[in-house]
Amino acid sequence: MEKVCNVSDVLENTMKGFFVKNRYILIAHVGGNFYAVDAVCPHMGGFLPIGKLEDHTIICPVHGSQYDVKTGKLVKDVSSLLKLVTGGGSRDLNSYPVEIKDEAIFISL
């Protein structure tokens, strides 16, 4: 388990990005729970923590791909036209188990 941050660093209904073990990780705090997924959109490298968080959905700030913060699953891909122009669509994010210990957030990489 790797320490990412303190519980107080990520307020309810927000998300933040952290650099852990040479990876950018997004921590989201939704519904009293903490979730951890990749912080970089696999479509074209958008930094997801500067996107939008709507309920349990992360929206990429670059092309609007949407991901379920609980699982990392792609719930809405880029448009068909954008797939043609950029050479492909997106895919699921990696999701990481989260554990809270002594007011700190830890994840398994």
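## A tour from the sheet to the cores

Start by selecting strands S10 and S11 (residues 104–107): 4 bridges join the two, and they run antiparallel. Strands and helices here are DSSP runs, with at least two residues (E) for a strand and at least four (H or I) for a helix, numbered from the N terminus. Two strands count as paired if DSSP finds at least two bridges between them. Before going further, note that this is a predicted model, where local features need pLDDT of at least 70 and side-chain atom pairs count only at pLDDT 80 or more, while totals for chains, interfaces and linings use all residues. Residues are numbered from 1 along each chain as its sequence is written, and side-chain values use heavy atoms, with hydrogens and water left out.

**The open sheet**

You have an open sheet of 3 strands in the order S1-S11-S10, with antiparallel pairing.

**Salt bridges**

Click on Lys101 next. Its bridge partner in S11 is Ala104, and Lys101 also forms a salt bridge with Glu99, with the closest N and O atoms 3.5 Å apart. A salt bridge here is a side-chain nitrogen of Lys or Arg within 4 Å of a carboxyl oxygen of Asp or Glu. Lys101 is partly exposed at 38% relative accessibility, and Glu99 is partly exposed at 34%. The cut-offs are under 20% relative accessible area for buried, over 50% for exposed, and partly exposed in between (1.4 Å probe, protein chains only).

The structure holds 3 salt bridges. For another, show Glu2 and Lys21, whose side chains meet at 3.7 Å, N to O. This pair links distant parts of the chain, 19 residues apart: Glu2 is in strand S1 (residues 2–6), and Lys21 is in the loop between strand S2 (14–20) and strand S3 (23–30). Glu2 is partly exposed at 26%, whereas Lys21 is exposed at 54%.

Then move to Asp92 and Lys73, which form a salt bridge with closest N and O atoms 3.4 Å apart. Asp92 lies in the loop between helix H1 (80–86) and strand S9 (95–96), and Lys73 in the loop between strand S7 (66–68) and strand S8 (74–76), so the pair ties together parts 19 residues apart in sequence.

**A glycine in S2**

Select Gly17, in strand S2, which is partly exposed at 32%. Leaving aside neighbours within four places in sequence, Gly17 is in contact (heavy atoms within 4.5 Å) with Ile25, Leu26, Phe47 and Pro49.

**The nonpolar cores**

Finish inside. A nonpolar core is a set of buried Ala, Val, Leu, Ile, Met, Phe, Trp, Tyr and Cys residues joined through side-chain atoms within 4.5 Å. The largest has 15 residues, of which Leu26, Ala28, Leu48, Ile58 and Val69 touch the most other members. S3 and strand S4 (33–38) each supply at least two residues of this core, and S3 gives the most, with 3. Apart from this core lies another, of 13 residues, including Cys5, Val7, Ile25 and Phe34.
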